[in-house]
Amino acid sequence: MKSLITLVLLLGMFQSSFANEATCEDANYVLTIYDFDLSLQTCKSLIEEARRQKGCDGNVDRISTLNISELQNFSSRACIYNDEAGTYQVMTSTMAEPPTAVIMFSVWD
């Protein structure tokens with residue numbers, strides 16, 4: 001009986017972790033971060049933060065700065081990153097009070 005309960009608990013934990021990963025990039029979304037701090041100054045760090053807030057796995061090392069197209073003009077920045085699941089677009093402005101970042105994710109069609 002104890003082994004059956006243990007098996008059910010392990011299967012439940014596996015299914016919940018798999019469901020989290022499966023649903024983290026399955027739909028389009030827009031995330032706005034207000035008053036972001038210095039740790040979120042790069043496009044990579046902002047994409048990683050968006051993935052973390054959406055419940056994606058902790059394996060964010062697959063995001064390469066070499067694959068991020070970026071334009072920067074004084075206090076504004078725009079970036080595009082094509083991921084396996086879709087496209088991330090990041091726009092930041094430090095002229096706004098508070099500094100604001102908008103991260104958009106679009107699922108591949």
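**Salt bridges**

Start with the charged pairs: the structure holds 3 salt bridges, a salt bridge being a side-chain nitrogen of Lys or Arg within 4 Å of a carboxyl oxygen of Asp or Glu. This is a predicted model, in which local features need pLDDT of at least 70 and side-chain atom pairs count only at pLDDT 80 or more, while totals for chains, interfaces and linings use all residues. Residues are numbered from 1 along each chain as its sequence is written, and side-chain values use heavy atoms, with hydrogens and water left out.

Select Arg51 and Glu25. Their side chains meet in a salt bridge of 3.0 Å, N to O. This pair links distant parts of the chain, with Arg51 in helix α2 and Glu25 in the loop between α1 (2-23) and β1, 26 residues apart. The helices (H or I, at least four residues) and strands (E, at least two) are DSSP runs, numbered from the N terminus. Both Arg51 and Glu25 are buried; buried means under 20% relative accessible area, exposed over 50%, and partly exposed in between, with a 1.4 Å probe and protein chains only.

Next, select Glu49 and Arg52, whose side chains form a salt bridge of 2.5 Å, N to O. Glu49 and Arg52 are 3 residues apart in helix α2, so about one helical turn separates them. Glu49 counts as buried at 16% relative accessibility, whereas Arg52 is exposed at 54%.

Now move to Arg77 and Glu70, where the closest N and O atoms of the salt bridge are 2.8 Å apart. Arg77 is buried, with a relative accessible area of 15%, and Glu70 is partly exposed at 42%.

**The sheet**

Show the strands as a cartoon. You will find an open sheet of 5 strands in the order β1-β5-β4-β3-β2, with antiparallel pairing; two strands pair if DSSP finds at least two bridges between them. β1 (29-34) and β2 (68-73) stand at the edges with a single partner strand each, so one side of each has no neighbour in the sheet. On average, neighbouring strands of this sheet are turned by 10° against each other, direction ignored. Axes here are lines fitted to C-alpha atoms, for helices over the stretch in contact, and angles run from 0 to 180 degrees between N-to-C directions.

Zoom in on β4 (residues 86-93) and β5 (residues 100-107), which pair in the antiparallel sense over 8 bridges. For one of these, click on Gln89: its bridge partner in β5 is Met104.

**Helix α2**

Bring in helix α2 (residues 43-53), which packs on the sheet and touches β1, β2, β3 (76-82), β4 and β5. The direction of α2 makes about 115° with that of β1. How much of α2 is covered? The helix is mostly covered, with 8 of its 11 residues buried. To see them, select Cys43, Ser45, Leu46, Ile47, Glu48, Glu49, Ala50 and Arg51.

Stop at Ser45, which lies in helix α2 and counts as buried at 13% relative accessibility. A polar atom of the Ser45 side chain is 2.8 Å from the backbone oxygen of Thr42. Not counting residues up to four places away in sequence, Ser45 touches Ser39 and Leu40, where contact means heavy atoms within 4.5 Å.

**The nonpolar core**

Which residues touch the most other members of the largest nonpolar core? Select Ile33, Leu46, Ile47, Ile68, Tyr88 and Ile103, out of the 18 residues in this core. A nonpolar core is a set of buried Ala, Val, Leu, Ile, Met, Phe, Trp, Tyr and Cys residues joined through side-chain atoms within 4.5 Å. The elements giving two or more residues to this core are β1, α2, β3, β4 and β5, and α2 gives the most, with 4 residues.

Center on Ile103 to look around. Leaving aside neighbours within four places in sequence, Ile103 is in contact with residues including Tyr29, Ile33, Leu46, Ala50, Tyr88 and Val90.

**Positive phi values**

Most residues other than glycine have a negative phi. Select Asp35, in the loop between β1 and α2: its phi is near 55°, a positive value. Asp35 counts as exposed, at 54% relative accessibility. Phe74, in the loop between β2 and β3, also has a positive phi near 55°, and counts as exposed at 78% relative accessibility. Finish just after α2 at Gly55, which takes a positive phi of about 90°.

Notes:
A polar contact is a pair of N or O atoms within 3.5 Å; within protein, one must be able to donate a hydrogen and the other to accept it, and residues adjacent in sequence count only if both atoms are side-chain atoms.
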